[in-house]
Amino acid sequence: MKMTRLISDSMYTATPGLVIGFHGCERSLRDDVINEREKLRSSLGKYEWLGHGIYFWQNNYERALDFATHPPNGRKLVNPAVLGAVISLDYCLDLLDTRHIQNLKRSFLTMENVILENGGKLPRNRNKGGAENLQDKVIRELDCLVIEYLHEKMCKDGKKPYDSVRGVFIEGTPIYEDAGFYDKTHIQLCIRNPNCIKGFFIPRQEEIW
């Protein structure tokens with residue numbers, strides 16, 4: 001009987017090629033980054049969807065602009081703008097890939113055992129204001145903790161941590177009655193290693209030709 005060889009976890013982990021990401025921000029910050037007067041800072045909140053890092057919308061200028069125009073937590077940007085970036089995901093925790101999804105699941109189970117054995121309590125992903133009837137759980141303390149726990153354990157075990165994290169989020173409302181497609185579905189990138197960002201640019205308008 002012919003045996004099927006198992007594929008190494010590391011053989012296809014590096015994501016080849018470059019992707020385009022968009023970051024919604026204040027125009028002054030966009031210009032400072034472009035002119036190398038400032039650097040983008042990692043988001044370090046305990047509710048970040050993909051853990052700590054610099055966030056981009058993959059190939060989605062409109063969502064980045066919407067985020068800058070309607071930022072969360074009641075903030076307001078005076079001059080909302082979008083910063084474009086050319087990114088190499090490199091060693092990526094790609095949550096569009098079954099192997100990485102299972103890896104994160106194992107991380108959760110390990111973390112859960114440690115926390116419960118020490119009498120602790122797991123945080124929950126939740127909606128703003130405690131609303132329970134919404135699909136979108138925008139405050140993702142549990143997801144953030146699991147991803148950060150995975151990276152901390154990798155470092156403790158002497159393993160190289162992931163350079164980036166990528167996830168798809170089915171968000172918003174159905175685009176028509178009984179639809180399986182939602183109006184805010186997107187792919188989000190979290191860049192942990194800033195060297196993955198190969199360059200920045202100001203998005204330009206499409207020309208008619």
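Reader: What is the mean pLDDT of the protein, and what percentage of its residues reach 70 or more?

Author: The mean pLDDT, the predictor's confidence in each residue from 0 to 100, is 90, and 89% of the residues reach 70 or more. This is a predicted model, in which local features need pLDDT of at least 70 and side-chain atom pairs count only at pLDDT 80 or more, while totals for chains, interfaces and linings use all residues. Residues are numbered from 1 along each chain as its sequence is written, and side-chain values use heavy atoms, with hydrogens and water left out.

Reader: Why is Cys196 called buried, and what is Cys155 called?

Author: Buried means under 20% relative accessible area, exposed over 50%, and partly exposed in between, with a 1.4 Å probe and protein chains only. Cys196 has 0% relative accessibility and therefore counts as buried, whereas Cys155, with a relative accessible area of 48%, is partly exposed.

Reader: How do you know that Cys196 is too far from Cys92 for a bond?

Author: A disulfide is a pair of cysteine sulfur atoms within 2.5 Å. The closest cysteine sulfur to that of Cys196 is in Cys92, 8.6 Å away, and therefore too far for a bond. A search of the whole structure finds zero disulfides.

Reader: Which residues touch the most other members of the largest nonpolar core?

Author: A nonpolar core is a set of buried Ala, Val, Leu, Ile, Met, Phe, Trp, Tyr and Cys residues joined through side-chain atoms within 4.5 Å. Among the 19 residues of the largest one, those touching the most other members are Leu50, Leu93, Leu95, Leu104, Met111, Leu150 and Val165.
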